[in-house]
Amino acid sequence: MKIIAGVDIGNSTTEVALGAFIQGKIYFLSSALTRTTGIKGTVDNVAGIKIALEKAAVKAGRPLQDISLVRLNEAAPVIGDLAMETVTETIITESTMIGHNPSTPGGLGLGVGILRSIEDIDFLEAGESYILTVPKSVDFETAARRIESAFSRNIDIRGLVVQNNDAVLIANRISKKIPIVDEVRDLHLLPLGVKAAVEVAEPGRVIEVLSDPYGIAGVFNLSPQETKLVIPIARALIGNRSAVILRTPKGDVTERKIPAGKIQLQGRKNIISIDINEGAEKIMAALKEVEPLLDANGEPGTNVGGMTQRIRQVMAGLTGQKPEEIHIKDLLAVDVSIPQKVKGGIAGEFFMESGVALAAMVQTSRVPMDAVARKLAEETGLEVEIAGVEANMAILGALTTPGTDKPLAIVDLGSGSTDAAIITADNQITSVHCAGAGDMVNMLINCELGLNDMSLAEEIKIHPLAKVENLFQLRMQDGSIQFFDKPLDPKVFGKLVLLKDGEMVPLEINHSLEKVCHVRRKAKRKVFLENTIRSLQKISPTGNIRHIEYVVMVGGSALDLEVAGIIADGLNEFGIVVGKGNIRGQEGPRNAVATGLVLSYSG
Ligand code: ADP
Ligand code: MG
């Protein structure tokens with residue numbers, strides 16, 4: 001008897017299958033997985049491989065030394081990277097604004113006037129309208145008292161901009177109902193003496209004047225030309241309950257625009273240059289026209305130029321090649337909304353700017369797997385060999401899914417790339433790698449929700465979401481409601497929560513349940529459905545995706561709660577039957593490559 005270990009080193013996961021080879025037959029003993037240590041295809045992987053082998057050996061009830069042979073996958077010599085950029089950089093020239101949504105603004109309505117500080121209230125004169133700033137050194141009682149006394153002198157105060165979270169406290173202590181925006185952190189940056197507008201809507205409603213370019217134009221008497229410049233401000237304020245806009249003196253902020261730029265796609269037969277502004281769909285259509293892609297280049301000095309340059313540099317660093325030797329062999333472009341800090345904003349305001357995210361894939365000169373094999377052998381004393389191309393092994397493994405047969409196509413939904421392979425009835429295998437998979441979904445979620453935390457994005461991607469509506473009631477992501485007999489932990493009250501291992505993990509983010517679910521699903525669809533269709537088209541023997549009948553999904557991202565459904569829906573249109581792999585009838589969609597590596601051992 002010989003014990004064979006199949007080891008699949010992925011970008012994110014290292015998977016192991018252990019099988020006993022007895023008289024020409026394989027009997028599987030165990031499997032295990034761990035996070036890949038280091039960059040796939042480098043000697044840093046050895047640490048992770050040892051952990052996974054050890055785990056699998058323990059599960060099989062055998063010492064590690066019983067393993068007769070370790071078979072490593074021939075890691076596909078492609079690596080990917082991601083970049084994202086807004087398509088234009090918009091800088092506000094004419095106005096500065098505060099549009100953050102303090103949770104409790106006070107008062108109501110729209111107020112317009114000259115901006116002055118409450119410290120100067122005694123010098124104000126009747127006959128002019130004013131908006132007052134209230135710095136945190138002035139407490140709410142003092143502020144209210146001084147405003148009341150000014151009212152009695154007929155001073156026309158139309159609104160307040162307050163540094164502390166005091167809007168409601170002040171509103172309750174003054175006799176006129178005026179709009180009050182509070183929690184304005186950088187109050188000292190506001191230029192006094194300029195014209196300002198403050199708007200607060202009723203609870204549950206949104207502002208109407210300052211979120212509309214013509215509304216702003218009316219307040220500030222803007223020319224049509226000037227009105228164009230305030231469109232981003234208005235856009236940034238849509239959906240807010242309160243806002244402030246000031247008209248700053250001309251020339252305070254200068255406008256600078258970095259053009260989105262063109263990306264040049266160089267195919268074997270033709271070259272197409274396409275403006276990133278055209279959006280992801282047009283870029284992907286252009287890519288299809290030039291395929292196979294030999295290289296892609298962004299126009300220097302533009303956003304897309306910066307993006308492709310960064311990708312090249314990262315890949316060069318990983319492979320030890322020069323940036324100019326790196327050739328982009330595949331691209332996935334996805335439209336995204338990117339929260340942009342408003343230049344000239346004063347409370348960290350942002351607005352959603354449209355942008356494009358790119359995943360790119362390059363071919364490297366053979367990944368140095370020999371070095372990994374050698375080091376593993378040295379450190380464990382085991383015999384190690386490099387066996388089988390990843391895609392072929394994945395097919396072999398996928399075919400252990402009960403109910404499958406040749407011809408069969410698989411899609412491997414991993415972290416860096418979406419790979420597809422097909423085996424015909426006469427055992428011909430064709431495979432492709434497409435840029436973009438689980439990591440890109442994380443990037444899109446991270447960006448569109450403004451998280452700035454990739455591991456949180458991954459958590460949000462993976463776990464079901466719910467909203468704690470009150471202490472006895474949970475609204476699930478599908479809209480259904482779950483009731484509880486005992487009150488829930490007050491720390492989750494009113495929060496969005498992730499349902500993780502039977503626990504509710506509160507999310508400290510300011511988005512609705514619907515928004516998060518929408519962003520998440522859209523990201524998964526744009527990456528995985530698009531890539532599945534693209535990759536199947538490429539491997540179809542006729543070039544027509546409709547000629548593929550059966551598809552098995554494997555890889556970590558096939559575990560996703562939504563991805564399998566999204567892909568099944570999408571492929572249904574082409575009459576393709578698709579299902580999740582269940583490797584060896586027990587592993588689910590994982591372990592296909594590792595299993596294939598064991599199965600392909602022939603003694
Ligand atoms: P690789 O072969 O590149 O190492 P894997 O096949 O291990 O990749 O898949 C890793 C990807 O699977 C990651 O992007 C990870 O976020 C995703 N993933 C893992 N578990 C789940 C899950 N339960 N739901 C959704 N995605 C998952
Ligand atoms: Mg993989």
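Which side chains meet in a salt bridge at 3.2 Å, N to O? The side chains of Lys522 and Glu448 do so, a salt bridge being a side-chain nitrogen of Lys or Arg within 4 Å of a carboxyl oxygen of Asp or Glu. This is a predicted model, in which local features need pLDDT of at least 70 and side-chain atom pairs count only at pLDDT 80 or more, while totals for chains, interfaces and linings use all residues. Residues are numbered from 1 along each chain as its sequence is written, chains are lettered from A and ligands numbered from 1 in the order in which they are written, and side-chain values use heavy atoms, with hydrogens and water left out.

**Confidence**

- The protein chain has a mean pLDDT of 89, and 92% of its residues reach 70 or more, where pLDDT is the predictor's confidence in each residue, from 0 to 100.
- Over residues 89-94 the pLDDT falls below 50, and this stretch has 26 contacts in the model beyond near neighbours in sequence, a contact meaning heavy atoms within 4.5 Å.
- Residues 251-255 also have pLDDT under 50, and for them the model has eight contacts beyond four places in sequence.

**Nonpolar cores**

- The largest nonpolar core has 82 residues, and those with the most contacts inside it are Ile263, Leu265, Leu331, Ile460, Leu536 and Leu571; such a core is a set of buried Ala, Val, Leu, Ile, Met, Phe, Trp, Tyr and Cys residues joined through side-chain atoms within 4.5 Å.
- Here buried means under 20% relative accessible area, exposed means over 50%, and partly exposed lies in between (1.4 Å probe, protein chains only).
- Helix H13 (residues 513-539) supplies the largest share of this core, 11 residues; helices (H or I, at least four residues) and strands (E, at least two) are DSSP runs, numbered from the N terminus.
- A second, separate core of 23 residues includes Val46, Ile49, Val70 and Leu376.
- In soluble globular proteins, nonpolar side chains tend to be buried together.
- Leu265, when its neighbours within four places in sequence are left aside, is in contact with residues including Ile271, Ile283, Leu287, Val290 and Leu331.

**Salt bridges**

- A search of the whole structure finds 24 salt bridges, and in general side chains of opposite charge can pair when their charged atoms come close.
- Lys524 forms a salt bridge with Asp560, with the closest N and O atoms 3.0 Å apart.
- Lys524 lies in helix H13 and Asp560 in the loop between strand S27 (550-554) and helix H14 (563-572), so this pair ties together parts that are 36 residues apart in sequence.
- Lys524 is buried at a relative accessible area of 1%, and Asp560 is buried at 9%.
- Salt bridges that share partners join Arg520, Arg521, Lys524, Asp560 and Glu562 into one network.
- Glu278 forms a salt bridge with Lys282, with the closest N and O atoms 3.6 Å apart; Glu278 is partly exposed at a relative accessible area of 45%, and Lys282 is partly exposed at 46%.

**Two buried residues**

- Val497 lies in strand S25 (residues 496-500) and is buried, with a relative accessible area of 0%.
- Not counting residues up to four places away in sequence, Val497 touches several residues, among them Pro464, Leu465, Val468, Leu474 and Met504.
- Thr595, found in helix H15 (residues 592-599), is buried with a relative accessible area of 0%, and beyond its neighbours within four places in sequence it is in contact with Ala17, Phe28, Gly397, Thr400, Ile583 and Arg584.

**Backbone features**

- Most residues other than glycine have a negative phi, and most peptide bonds are trans.
- The peptide bond from Glu291 to Pro292 is cis, with omega near 5 degrees, and Pro292 lies in the loop between helix H7 (280-290) and strand S15 (293-298).
- The peptide bond from Lys406 to Pro407 is also cis, with omega near -5 degrees, and Pro407 lies in the loop between helix H10 (390-398) and strand S19 (408-413).
- Asn154 has a positive phi near 70 degrees and counts as exposed at 59% relative accessibility, whereas Asn591 has a positive phi of about 80 degrees and counts as buried at 3%.
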